[in-house]
Amino acid sequence: MKNIILGGVPRSGKSLLAQRLCRDLGLSHLSLDSLVSAFSRVFPGLGITQAATSPIETARRLSPFVLEWLRHLEFEDVPFLLEGYHLLPEDLRGLDARRYVVAFVGYPSLKAPEIKLRQVRAFARANDWTRELSNEELLPIIRRYVSESRMLADACAAERMLFVDTGEFFDDALEEA
């Protein structure tokens, strides 16, 4: 069985897809976002944080750790799914395709950020960071994630990696994935 690495922008359906795949395939779920939060609290000097001004910089700082962690996980021989925001296609290009399925999720085709805002509000969990923000504060963040989704889709095309667009038809896209 191959391990799965699932990256993508926030609120694209990564965690939901990860939960479904782990349940259906019997994989252990490893949350990279939880690890980033732990690094931020325990080792703030590393600059690995959710609140970074540049998510790409955080991903670059995290990448050597992730690649080394994957090497160690291979020895454990426990099937897993690693999921998180701070992954870049170019950092994962050297992974053995016989051992890993790598996919990214985003919403580059989203025409109206207000659609995503309604989805975010409808599916927010009790402790979700989005609950603390007003619609006026959240809309520019969603616009940034749409832009990041477009860059991520282009990077996936350049690296010949799977990209799932959850923009206009969220549930259908996740089901297809």
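The largest cavity holds about 50 Å³ of space, where a cavity is a set of points on a 1 Å grid over the protein atoms alone at which a 1.4 Å probe fits but cannot get out. A volume is the space filled by probe spheres set on the points, with grid points joined across faces, edges and corners. By this rule the count comes to 1 cavity of 30 Å³ or more. The model is predicted: local features need pLDDT of at least 70, side-chain atom pairs count only at pLDDT 80 or more, and totals for chains, interfaces and linings use all residues. Residues are numbered from 1 along each chain as its sequence is written, and side-chain values use heavy atoms, with hydrogens and water left out.

Lining residues have an atom within 4 Å of a point. Those of the largest cavity are Ala 59, Ser 63, Val 66, Leu 67, His 86, Leu 87, Leu 88, Asp 91 and Leu 92. By class they divide into 6 nonpolar, 2 polar and 1 charged; Ala, Val, Leu, Ile, Met, Phe, Trp, Tyr, Cys and Pro count as nonpolar, Asp, Glu, Lys and Arg as charged, and the others, Gly among them, as polar.

A pocket is an open set with protein on both sides within 12 Å along at least five of seven lines.

| Pocket | Volume | Lining by class |
|---|---|---|
| Largest | about 1100 Å³ | 13 nonpolar, 14 polar, 8 charged |

Of the 35 residues that line the largest pocket, Pro 10, Arg 11, Arg 125, Asp 128 and Trp 129 lie nearest its centre. The elements giving two or more residues to this lining are α1 (14-25), β2 (28-31), α2, α4 (113-123) and α5 (135-159). Helices (H or I, at least four residues) and strands (E, at least two) are DSSP runs, numbered from the N terminus.

The second largest pocket is lined by 16 residues, and Ile 56, Leu 87, Leu 88, Glu 148 and Leu 152 are the closest to its centre. Here α3 and α5 are the elements that give two or more residues.

Helix α2 (residues 32-42) packs against helix α3 (residues 55-76) at an angle of about 125°, with the axes 12 Å apart. Axes are lines fitted to C-alpha atoms, for helices over the stretch in contact, and angles run from 0 to 180 degrees between N-to-C directions. Contact means heavy atoms within 4.5 Å. Leu 32, Leu 35, Val 36 and Phe 39 of α2 meet Leu 62, Phe 65, Val 66 and Trp 69 of α3. This contact has 8 nonpolar, no polar and no charged residues.

For α4 and α5 the packing angle is about 115°, and their axes are 9 Å apart. Pro 113, Glu 114, Lys 116, Leu 117, Val 120 and Arg 121 of α4 make the contact with Asn 135, Leu 138, Leu 139, Ile 142 and Arg 143 of α5. The residues of the α4 contact with α5 divide into 6 nonpolar, 1 polar and 4 charged.
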